[in-house]
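Good morning, and thank you for coming. I would ask you to look at the structure on the screen while I speak.

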Amino acid sequence: MSESARSVAPPPLPTRSITPARAKSATPLTSGSKGGGVSGKAEFADILEGLKHIYKNKIKPMEQTYSFEQFHSPYLTDADIDAKPMVLIIGGYSTGKSTFVKHLLDKEYPGLHIGPEPTTDRFVAVMNGAEERIIPGNAAAVSAEMPFTSIQRFGSQFLQKFQVSFVNSPVLENLIIIDTPGILSGEKQRIGRSYDFTSVVEWFAGRADLILLLFDAHKLDISDEFKNAINALKGNDEKIRVVLNKADMVTGQQLLRVYGALMWSLGKILKTPEVSRVYIGSFWDQPLNHADCATLLAAEQRDLLADLRALPRNAIVRKINEIVKRTRMAKVHALIISHLRKEMPGFFGKKDKQDDLITNLEAEFMKLERLHGLVPGDFPDPDRFRETLAMFKLEKFAKLDKKMIDIVDQALSVDFPKLMQEYPTAQPTIAAMERNPFEAPGAANTSGGGDELWRYEQISRKGYVDQFRTIAGVDGKASGAACKPILESTGVETNVLAKVWRLADWTKDGYLDLDEFVVAMHLCNVAKKGWAELPDVLPQTLIPQRKC
Ligand SMILES: Nc1ncnc2c1ncn2[C@@H]1O[C@H](COP(=O)(O)OP(=O)(O)OP(=O)(O)O)[C@@H](O)[C@H]1O
């Protein structure tokens, strides 16, 4: 282990020795999935219908006009939007992925292989079904009932290595679990796979609600191939959780070192300022090998299961966020495409101009950014975009359809925020609204800090708390990257959002804790509804008393 690995703060480990025997946990997820408030589909049916309607009528026409599919990702189907939350499990071979799935379900899924050598050679979508059966990849990919139609783009070689396994399990009532082939080291990974493994991982990661990266504490090995796979998760950082599995195969002292080494390596690969949550455990139904960390492992297992249990409840917010994110990208895409078309000459020198535009793509992006006030994060990677662009004749692209863009803007600023407000747990933010539906709360005095608009206790926090849970890290804080999609989905303009962030991050640490997040959402609501001008300085009364 390297020196720097040792400097990483370890997790607290109990020093007392605890009884090694561990009862086989009975269906770990179901106890909570019934009573723990996991919401069923019916509750959200209207929101999903609304989402489909907006996408089909307002967003998809723009995507089709500007060939979004060829540059980014396939059009969404109803099944994509309806899909249950997905948990993607990735890791080196024999890190215990399939055993982990078996442990969650408390039973085997059809086609499950567990063994010390590389066993699972395919991507398996484990779904709920009355009868246990396997649907091969080719059949699954043409079924409009399942969210896998766009997976056909990876070709028949891949489809032969994909299957859907149906198993009757209450855990799967609100989840789809994706078990994956273990990542091999060196040539075996590159030559052994007849399809583009990294792109497939990227596809699943984009659709997943949670990505579990499994490591073996007993045999920590992060190969270059594994690093490549982790790189394919870029843009999905907030979904990643790390599982340090088989933690009982080493002593508490060794575990400390392994944990340090893992954090050190991950810090170099993930390159995000915030550390992903790491769950340390032994996810199978055997007694612990070394029991000196039994309390820690039990607590970690509880936390991970709670995280999984919360998924269906939070999935709807995530779904809206994902589609808002996609819509913003599709709009930027439309502006790029129509701009390139406009730059092309009418008659002569088409080829030279096309080459010139493609070579200087970054400069064209900058022009558009300034012209339309766009956010750099919504632009595609220029190198990948260039590659695809070379397959087209720019003069054949569609012209800018202003009306179409206006419709999309309306979806972003009105329709999506409205859907967010229909989220069942969201409450009207200010109780006073109920008094006079025509008067903005605190309308008589919006800046003095003495009225209810600027009082923390007047904010109805419930809906915001649920949203915060979907993005908060283990330290109870959410990064700017994690908050961005939710704040954007309020429909508040970017320059106002910048002000919201400045006001709400009153600790100035670049993160929002729950109270700061509640205030940020409240300020967005105030701005959106036009109840008042946002103040330049946060009124002291918007900071909860206990923190003053
Ligand atoms: N928590 C655990 N502690 C100790 N050994 C375990 C644990 N979980 C699984 N194993 C063992 O590790 C080996 C690999 O397990 P499994 O096949 O589930 O891993 P995998 O990651 O799915 O492998 P592959 O990548 O080959 O599909 C098996 O021998 C299994 O019994």
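Two strands are said to pair if DSSP finds at least two bridges between them. Helices (H or I, at least four residues) and strands (E, at least two) are DSSP runs, numbered from the N terminus. What you see is a predicted model, in which local features need pLDDT of at least 70, side-chain atom pairs count only at pLDDT 80 or more, and totals for chains, interfaces and linings use all residues. Residues are numbered from 1 along each chain as its sequence is written.

I begin with the sheet. Strands of a sheet pair through backbone hydrogen bonds, either parallel or antiparallel. Here, eight strands form an open sheet with mixed pairing, in the order E3-E4-E2-E5-E1-E6-E7-E8. Its edge strands are E3 (133-136) and E8 (277-280), each of which pairs on one side only. From one strand to the next, the twist averages 25 degrees; the angles run from 0 to 180 degrees between N-to-C directions, and the axes are lines fitted to C-alpha atoms.

Let us turn to strand E2, residues 123-128. With E4 (residues 162-167), strand E2 pairs in the parallel sense over six bridges. Within that pairing, Phe123 has Phe162 as its bridge partner, and Val124 has Gln163. With E5 (residues 176-179), strand E2 pairs in the antiparallel sense over three bridges, and there Val124 stands opposite Asp179.

Is E2 buried or exposed? A residue is buried if 20 or more other C-beta atoms lie within 10 Å of its own, exposed if 12 or fewer, and partly exposed in between, with C-beta atoms placed from the backbone. Five of the six residues of E2 are buried, so this strand is largely enclosed by the rest of the structure.

Next, the ligand. It is surrounded by 21 residues, the closest being Gly96, Ser98, Thr99, Thr120 and Gly182; a residue counts as near if its C-beta atom, placed from the backbone, lies within 6 Å. Helix H6 (residues 97-105) gives the largest share of this shell, three residues.

Finally, helix H21, residues 514-529, has 16 residues. From its first C-alpha to its last it reaches 22 Å, close to the 22 Å expected at 1.5 Å a residue, where the expected span is 1.5 Å times one less than the number of residues. Because 13 of its 16 residues are buried, H21 is largely enclosed by the rest of the structure. Gly530 follows H21, and its phi is positive, near 70 degrees.
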